[in-house]
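Subject: Structure handover

Dear colleague,

I am passing on the structure below, together with some notes on what turned up when it was examined. Please read the notes with the structure open beside them.

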Amino acid sequence: MKGINLSLKYTILVALSEGPKTGYDVAKLFDKTIGFFWRARHSQIYRELAKLKDRQWVTSQEVEQSGKPNKVVFTITDEGRAALFNWSREPNEPQELKDDFLIQLYRLESIDLEAFRENLMLRLESHRDRHSKYLAKYELLEGRDSLSDVGQKLALEVGIRWESEWTDWCSKALEQLSPDAVAKLSNVVPIKGKGEKNAER
């Protein structure tokens, strides 16, 4: 969790560098854009905003609203911008790939293959959906050439390629693990679940 919070605080500073925002605004930005590359629950975001305020990297101001509760607007400070700038100078090693789903592939004969196929189909649909969202966001930036726009497009290109590769791989895996394809493989041993008789894969 320490590593997660470390990155989360800078991700929030990136969001606030666009301009003052309420905690709700920051959370919605995570849902719509930044969340493509870094996920965080709304409760985590609000807790981290409080910590950033304690560090004096952000300030907060309560704004009165007519007919509804007041809102709290957060603004990045000069200290916060300096912290964000210094963070960008730190070495940034690629993240290691950790995925339980891939571990299961190493012992397919020991798991429920039908359930694995179902999960694989869910993955395929999920990657296709995110690929479409990346493309839609990228298309909104077409023709825009500010430094911020270029940075966002480069980041989205990584996401587009990532989801495209996963989509292709899932499709290929589903073909190779179809019941007909598996039936032709050697050393396919029926598995026995708890309280069940041996069943063909």
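What is the mean pLDDT of the protein, and what percentage of its residues reach 70 or more? The mean pLDDT (the predictor's confidence in each residue, from 0 to 100) is 86, and 88% of the residues reach 70 or more. This is a predicted model, in which local features need pLDDT of at least 70 and side-chain atom pairs count only at pLDDT 80 or more, while totals for chains, interfaces and linings use all residues. Residues are numbered from 1 along each chain as its sequence is written, and side-chain values use heavy atoms, with hydrogens and water left out.

Confidence is lowest in helix H1 (residues 2-16), at a mean of 75, and highest in strand S3, at 96; helices (H or I, at least four residues) and strands (E, at least two) are DSSP runs, numbered from the N terminus. Over residues 1-5 pLDDT stays under 50, and the model has four contacts (heavy atoms within 4.5 Å) for them beyond four places in sequence. Residues 195-201 also have pLDDT under 50 throughout, with 18 contacts beyond four places in sequence. Where pLDDT is low, the predicted coordinates should not be read in detail.

Next comes the sheet. Three strands form an open sheet in the order S1-S3-S2, with antiparallel pairing, where two strands pair if DSSP finds at least two bridges between them. Strand S1 (21-22) and strand S2 (58-63) are the edge strands, each pairing on one side only. S1 is joined to strand S3 (residues 71-76) by two bridges: Lys-21 stands opposite Phe-74, and Thr-22 has Val-73 as its bridge partner. S2 and S3 pair over six bridges, and Val-73 in S3 is also the bridge partner of Gln-61.

Now to the helices. The axes of helix H2 (residues 23-32) and helix H3 (residues 42-54) come within 10 Å and cross at roughly 130°; axes are lines fitted to C-alpha atoms, for helices over the stretch in contact, and angles run from 0 to 180 degrees between N-to-C directions. That angle makes H2 oblique to H3, because angles under 35 degrees count as roughly parallel, over 145 as roughly antiparallel, 65 to 115 as roughly perpendicular and the rest as oblique. The contact is made by Gly-23, Tyr-24, Val-26, Ala-27, Phe-30 and Asp-31 of H2 and by His-42, Ile-45, Tyr-46 and Leu-49 of H3.

In the other helix pair, the axes of helix H6 (residues 113-140) and helix H7 (residues 147-176) come within 8 Å and cross at roughly 155°, which makes H6 roughly antiparallel to H7.

Best wishes
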